[in-house]
Amino acid sequence: MASVPLPPTEPGRCKRLKAASSQAHDDVDQRVMAARPFATRERYGHFLQVQHRFHGSLLALYRDEQLNLLLPGLAQLSRFAAIEHDLDALGLPVPAPPRQVCASPAQALGWLYCSEGSNLGAAFLLKHAQRLGLDTDLGARHLAPPPQGRALPWRQFVARLDGLSLNAQEEAEVVAGAIAAFGSYQAHLRAVFA
Ligand code: HEM
């Protein structure tokens, strides 16, 4: 009996987001390292400003009621307070929270994918920060893994994002949101390290 070919299965939404934004991610990754944020504590202070601008611009999204219904626990995931703590711990001025990103709910999901995914690379950044004598209690708290480790919260986030049912228009908006988020990070890097 001939086997019936299975219909091709679509990769999950986050897999598609990863594929759609991998070039943008690589550009950001290269630009971060080219800025040599771990060469001195002064440059690390600039990096904290970039993080403050990016994560600060997403505060309203992390606190958004509708988005918290779609992604339960979202409000607790923001690393913005830890970034403010890091600036303060290093005796650096804590700027006012930046202007908030303006995004449709579907675009917001793409921005949040970008922001949450950046936790994965943070393990690598923390190691660099430690070589500057920084640690989770001194200037690098926002790079620390959550108590349950980095993998589990990311898997939960991916499962929730993958599980949402969206129409084609919203699907495209999620991708646009993720690309816009990487673009905004690039812009913050250019502005701060100029
Ligand atoms: C030097 C800087 C960076 C390095 C070295 C780095 C490195 C990494 C690494 C190793 C992963 C895990 C890849 C995997 O498991 O397949 C990752 C994932 C990710 N990073 Fe970065 N990253 C950096 C900066 C950033 C920044 C600034 C952002 C966002 C603004 C970001 C967003 C993401 C996202 C969204 C993912 C998840 C990809 C996915 O599995 O869907 N990264 N990064």
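His 25 lies in helix H1, which spans residues 13–34; helices (H or I, at least four residues) are DSSP runs numbered from the N terminus. The structure is a predicted model, in which local features need pLDDT of at least 70 and side-chain atom pairs count only at pLDDT 80 or more, while totals for chains, interfaces and linings use all residues. Residues are numbered from 1 along each chain as its sequence is written, and side-chain values use heavy atoms, with hydrogens and water left out.

His 25 is the only protein donor of the iron atom of the ligand, through NE2 at 2.1 Å. Donors are N, O and S atoms within 2.8 Å of the metal (3.2 Å for Na, K and Ca); water is not among the atoms, so sites may look incomplete. The ligand is surrounded by 17 residues, of which the closest are Lys 18, His 25, Val 28, Tyr 113 and Gly 117; a residue is counted here if one of its heavy atoms lies within 4 Å of the molecule. An N or O atom in the side chain of Lys 18 is 2.6 Å from an oxygen atom of the ligand. For the side chain of His 25, an N or O atom is 2.9 Å from a nitrogen atom of the ligand. A polar backbone atom of Gly 117 is 3.4 Å from a nitrogen atom of the ligand.

Helix H2 (residues 41–56) contains 16 residues and reaches 21 Å from its first C-alpha to its last, close to the 22 Å expected at 1.5 Å a residue; the expected span is 1.5 Å times one less than the number of residues. Buried residues (under 20% relative accessible area, with exposed over 50% and partly exposed in between; 1.4 Å probe, protein chains only) of H2 include Tyr 44, Phe 47, Leu 48 and His 52. The buried residues of H2 pack against H1, H3 (59–63), H5 (80–89), H6 (105–131) and H8 (168–193).

Ser 57 is in the loop between H2 and H3. Ser 57 counts as buried because its relative accessibility is 6%. Apart from neighbours within four places in sequence, Ser 57 is in contact (heavy atoms within 4.5 Å) with His 52, Pro 98, Arg 99, Gln 100 and Val 101.

The number of disulfides (pairs of cysteine sulfur atoms within 2.5 Å) is 0. For Cys 102, the nearest cysteine sulfur is that of Cys 114, 17 Å away. Cys 102 counts as exposed, at 78% relative accessibility. For Cys 114, the nearest cysteine sulfur is that of Cys 14, 12 Å away. Cys 114 counts as buried, at 7% relative accessibility.

How values were computed: Helices (H or I, at least four residues) and strands (E, at least two) are DSSP runs, numbered from the N terminus. A polar contact is a pair of N or O atoms within 3.5 Å; within protein, one must be able to donate a hydrogen and the other to accept it, and residues adjacent in sequence count only if both atoms are side-chain atoms.
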